Amino acid sequence: MWTSLGTRSESAGPRAASGRLWAVVLGAAAGFFLLGFLIGWFAKPTDKKTSLSTHEDMRTAFMAEMKAENIKQFLYNFTRLPHLAGTKENMHLAQQIQAEWKKFGLDSVQLVHYDVLLSYPDDTKPNYISIIDEHGSEVFNTSLSEPPPPGYEAVADVVPPYNAFSAQGVPEGELVYVNYGRTEDFFTLERDMGINCTGKIVIARYGKIFRGNKVKNAELAGAKGIILYSDPADYCAPGVDPYPNGWDLPGGGAQRGNVLNLNGAGDPLTPGYPAKEYMYRLDKSSGVGLPKIPVHPIGYHDAESLLRNMGGPAPPHSSWKGNLNVSYNVGPGFTEDHSSRKVKMHIHSNNEVRRIYNVIGTIRGTVEPDRYVILGGHRDSWVFGGIDPQSGAAVVHEIVRSFGKLKNEGWRPRRTVIFASWDAEEFGLLGSTEWAEENAKVLQARGVAYINADSSVEGNYTLRVDCTPLMYSLVYSLTKKIPSPDKGFEGKSLYESWYKKNPSSEYKEVPRINKLGSGNDFEAFFQRLGIASGRARYSKNWNVEKYSSYPVYHSVYETYEIVEQFYDPTFKNHLTVAQVRGGLVFELANSVVLPFDCRDYASAVSNYAHIIYNLSRNHEEELATYSVSFDALFSAVKNFTEVAASFHERLQQIDFNNLLAVRSLNDQLMFLERAFIDPLGLPGRPFYRHVIFAPSSHNKYAGESFPGIYDAMFDIESKADQREAWEEVKRQISIAAFTVQAAADTLKEVA
């Protein structure tokens, strides 16, 4: 039966005392909870300035942590031996980097392997070029190796100059000089001069365009082989001595390099998919992008011997002449007194599947661990890699060390940061592409940005940046906070010296930023997956210094000493590049709102639309005849511009305490680059899927805007079926218009 509270007198004493005790405990707990809640509430970063000051302080500490002397030491360590992809030396370097990144304090560091197609000379049958007489006897042979630089005479495993993935063969024939081997050079020979390259061996000078494009052009012209050489006009700066007394290319130096035309496919045997053990592979003879003709690189001393007695007509223009003491006659064949002589190639390189290793390190983010900011650069080199890639790898190493130092002191980024040391970049961007393929689904869902970190210096004049328009404002803002290392700009910012030395020709009162092309490890992230990407390095004065790239590029003379003695003795430019690359990663990983400005993308797309339209106006009659209109594209651009402005206004009103609202707007910014991806890819280039940017079809290194439209209009007047050609232009305009409009829709306010 129920008993009233008043009747429970006999046992009420101790139980009542116990109840009162619990009441006090619970009351105190509630009080402490309320006090903690109030403290927590008022301690929340409701004031944007509080969180910003912490962010600024941490960035300042991060920037100050990086030291030029460390970068110098890392570069020295990384350049003692050659680190050719697929060799034990490069695997050992991967293991060394893995161990040091762990010691620096990263949360995890893994070696990730792939089995990819690589290419090497045959140790028993060297590659070379010869001149043969009418009896087939060799009267001249090119060098089998480069004279080693001082101090490196005893280093083993220096691979001789070769072009990776060249077809095997011993073709012989008349020689034709084809200038740079560009599309327009072959047009000049065939259309203007009536010179047929079918069955000939052609010789082209390096420079202007990617070497693989030269080989493809030679194939299309019917050549049976191609020789590539470095002309002093392109690889020797005026008034500079050859290495070791200066930084010019010696006459015996030659540029190694792959001659694939992968168009973003990655490993030639597993196009589109990661080259893991379980993956189906094409036959080695039918891999993607492999050249069908032999290719070989030589130095300018050997080239002079080949070109000295060239017959045929004079060069069509002074721009076809280099700086050798020869006529630069185009041929075919030699002058009359040497007319019985021919050129013969001896190419015996082998393609084989070997294992490569990426090093992947991670610092887990606190607030948004499922959002990834990636810093990557390659580790493999043709020989010592003093500039390419180790000047970049040394900077990555110092950035990783500095992030690790902050993490060990208790700091973590808001978003996850991934660091990558890529393998086999020199063989076609293989390490980065295979990793991007293996992780494509995750990266498309979570990838915020990719910052590339190849060579840190290719000159010592000023900064050079290539990036998505989304990063323009971030790059400008960051460089205003970094001191300039340039002489005459003491006390001024990097932005000021950069702007003074290389102002933009497209936008008023800002430094030049270039479009992303390819030829480096950002390709799969940007061109295939649509992840916002950028790169930065110190460069030369391109307006004055007309030589190609830097003179000793991909030769045995790319040593630590050439950097330490000539390019950057104090390593202050390396430090500046580290601050730019590291600063970009820091801001992208730690800013509450992603530092992307979609208005800059709108300006760029509008600019590119006007450029491609103006190009089309060279064909006014055809535009009218075939009813070609750009109205839909300009309408989409106008809509995108308006929506971008509206989105930016909305961004200014954001409540930083509303984590869901911040996340939602950040996702719209993150996915904007993805919105420009066409899943079908560009015509004939399915792995280049970005509608606004792609590597030029005629030069992989250069970026082209609205590439689908540009390619459809290229040399259109020579197309046999004009109606069909202009229908393709109309199709590409419609794809571009749709894509820009669809991208605009992703920025609209979420319903």
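Modeller: Start with Asp107 and Arg412, whose side chains meet in a salt bridge, 2.7 Å from N to O. Asp107 sits in the loop between α4 (88-104) and β1 (108-120), and Arg412 in the loop between α9 (390-408) and β14 (415-422), so the pair ties together parts 305 residues apart in sequence. This is a predicted model: local features need pLDDT of at least 70, side-chain atom pairs count only at pLDDT 80 or more, while totals for chains, interfaces and linings use all residues. Residues are numbered from 1 along each chain as its sequence is written, and side-chain values use heavy atoms, with hydrogens and water left out.

Biologist: Why is the pair of Asp107 and Arg412 called a salt bridge?

Modeller: The term needs a side-chain nitrogen of Lys or Arg within 4 Å of a carboxyl oxygen of Asp or Glu. Asp107 and Arg412 come to 2.7 Å, so the pair qualifies. The structure holds 39 salt bridges.

Biologist: Are Asp107 and Arg412 buried or exposed, or in between?

Modeller: Buried means under 20% relative accessible area, exposed over 50%, and partly exposed in between (1.4 Å probe, protein chains only). Asp107 has 34% and Arg412 has 31%. Both values fall in between, so both residues are partly exposed.

Biologist: Where do Glu277 and Arg355 sit?

Modeller: Glu277 forms a salt bridge with Arg355, with the closest N and O atoms 3.2 Å apart. Glu277 is in the loop between β9 (257-258) and β10 (295-298), and Arg355 is in strand β12 (residues 350-363). That links distant parts of the chain, 78 residues apart. Glu277, at 49%, is partly exposed. Arg355, at 34%, is partly exposed too.

Biologist: Which element holds Glu728 and Arg731?

Modeller: Both lie in helix α22 (residues 722-746), 3 residues apart, about one turn of the helix. Helices (H or I, at least four residues) and strands (E, at least two) are DSSP runs, numbered from the N terminus. The side chains of Glu728 and Arg731 meet in a salt bridge of 3.0 Å, N to O.

Biologist: Which residues are linked in a network of salt bridges?

Modeller: Glu368, Asp370, Arg371, Arg414, Arg415, Arg663 and Asp667 are linked that way.

Biologist: How many strands form the open sheet, and in what order?

Modeller: There are 7, ordered β1-β12-β14-β13-β15-β17-β16, with mixed pairing. β1 and β16 (462-467) stand at the edges with a single partner strand each, so one side of each has no neighbour in the sheet. The twist averages 20 degrees from one strand to the next.

Biologist: How do you know that β13 and β14 pair?

Modeller: Two strands pair if DSSP finds at least two bridges between them. β13 (residues 368-378) and β14 share 8 bridges in the parallel sense, so they pass. Tyr372, for one, has Thr416 in β14 as its bridge partner.

Biologist: What makes the protein count as compact?

Modeller: The radius of gyration is taken over C-alpha atoms, and the globule rule is 2.2 Å times the number of residues to the power 0.38. The protein has 22 helices and 19 strands. Its radius of gyration is 30 Å, close to the 27 Å the rule gives for 751 residues, so it is as compact as a globular protein of that length. Along its principal axes the C-alpha trace spans about 135 × 70 × 60 Å. Buried residues make up 58% of the 751.

Note on methods
Axes fitted to C-alpha atoms, helices over the stretch in contact; angles between N-to-C directions.
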